[in-house]
Amino acid sequence: ENFQSGSYPAWTMSGDGHDSPNYYAGNWSMRLDGLRQGTIAVSSQGYQNVSLSMQLAALYLVTVEYCRAEVSTDGGSTWTTVVNVIPSQADGAMRTGTLSTGLDDNPNLRLRFRAYALYYRYCYGDNIVLTGTPIASAPQIEVNGSGSFGSVAVGGSATNTLTLSNAGDANLVLGTLGGLSPPFTLVDDTCSTQTLAPSASCMVD
C-alpha cells in the first residue's frame with residue numbers, strides 16, 4: 001500500500017481528529033492529526049517467512065505527542081509498534097520500521113497508522129510492504145488398523161480393516177493395492193487408484 005491512487009477506501013478510519021490523502025513532492029501518503037487512526041485487515045495465510053515494513057513521518061509534534069505504525073496478529077486485540085516517531089524526529093522525513101517474526105500463516109493481521117497529538121500536528125503513513133514465500137503443500141498418508149489376525153483355526157478365516165487417511169494439505173494419489181501372497185487376499189478395496197483430498201479416507205478389508 002503506497003496510497004498513490006490518492007485515496008484509501010479499504011481502510012477503516014476512527015478516532016477524534018482529521019485524516020486526508022496528502023500529496024507532496026510527487027508522493028501520496030495518509031495524513032492524520034489529533035487522535036485519528038486508520039486500520040486495514042490483511043492476511044498472510046498460506047505464507048511463511050513473512051516480513052512487514054511500514055513508513056511514517058511527522059511534523060510539528062511537541063512534548064508527549066507521537067505517531068505510530070503498528071501491527072496486530074490477533075485481529076486488533078493487541079498491537080505491536082513497527083515505527084514510533086517522537087517530537088525530536090518530527091522533521092517530515094520518512095522513517096522505516098520492519099518486523100519479521102510472528103507474522104507467518106495468519107489470516108487475522110491488522111495494520112494501523114495512529115496519531116496521538118493535537119489538531120494540525122501531523123502524522124504521515126506510507127509505503128506498507130508485506131512479503132513472504134508460499135507454504136508448500138504436500139499429502140501425508142496415515143494408516144489406522146492392525147495387520148494382526150491373531151489365532152485362526154485351520155480352514156477358518158479372519159478379516160481386518162485398514163483405514164487410509166490423507167492428513168496433509170494436498171491431494172493423495174493412490175496406486176493399485178496388491179502384492180499379497182496366499183492365503184491372504186483383499187476382500188473389499190475402496191482405496192486402489194483413488195485420489196484422497198485432504199482429510200479424506202478409504203478402507204481396505
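## Close-up views of a predicted model

**View 1. The disulfide of C67 and C123.** C67 and C123 form a disulfide, with their sulfur atoms 1.9 Å apart, where a disulfide is a pair of cysteine sulfur atoms within 2.5 Å. This is a predicted model, in which local features need pLDDT of at least 70 and side-chain atom pairs count only at pLDDT 80 or more, while totals for chains, interfaces and linings use all residues. Residues are numbered from 1 along each chain as its sequence is written, and side-chain values use heavy atoms, with hydrogens and water left out. The torsion about the S-S bond of C67 and C123 is about -80°, so this disulfide is left-handed. The pair links distant parts of the chain, since C67 lies in strand 6 (residues 66-72) and C123 in strand 10 (residues 122-134), 56 residues apart; helices (H or I, at least four residues) and strands (E, at least two) are DSSP runs, numbered from the N terminus. Both C67 and C123 are buried, where buried means under 20% relative accessible area, exposed over 50%, and partly exposed in between (1.4 Å probe, protein chains only).

**View 2. The disulfide of C191 and C202.** A search of the whole structure finds 2 disulfides, and one of them joins C191 to C202 with an S to S distance of 2.0 Å. The torsion of 115° about the S-S bond makes the link of C191 and C202 right-handed. C191 sits in the loop between strand 13 (172-173) and strand 14 (195-196), whereas C202 belongs to strand 15 (residues 201-204), 11 residues apart. C191 counts as buried because its relative accessibility is 0%, and C202 counts as buried at 5%. With bonded cysteines counted along the chain, the disulfides follow the pattern 1-2, 3-4.

View 3. An open sheet of 5 strands has the order 2-3-10-5-8, with antiparallel pairing, two strands being paired if DSSP finds at least two bridges between them. Strand 2 (19-24) and strand 8 (95-99) stand at the edges, each with a single partner strand, so one side of each is left without a neighbour in the sheet. Neighbouring strands of this sheet are turned by 35° against each other on average, direction ignored. Strand 3 (residues 27-32) and strand 10 run antiparallel and are joined by 3 bridges, and the bridge partner of L32 in strand 10 is C123.

**View 4. The hairpin of strand 2 and strand 3.** Strand 2 and strand 3 pair in the antiparallel sense over 6 bridges, and Y23 stands opposite W28 in strand 3. The two strands form a hairpin with 2 residues between them, and A25 in the turn has a positive phi of about 55°.

**View 5. The segment after strand 15.** D205 is found in the segment after strand 15 and is partly exposed, with a relative accessible area of 24%. The C-alpha atoms of D205 and L186, which are 19 residues apart along the chain, are separated by 6.0 Å.

Definitions and conventions: Axes are lines fitted to C-alpha atoms, for helices over the stretch in contact, and angles run from 0 to 180 degrees between N-to-C directions.
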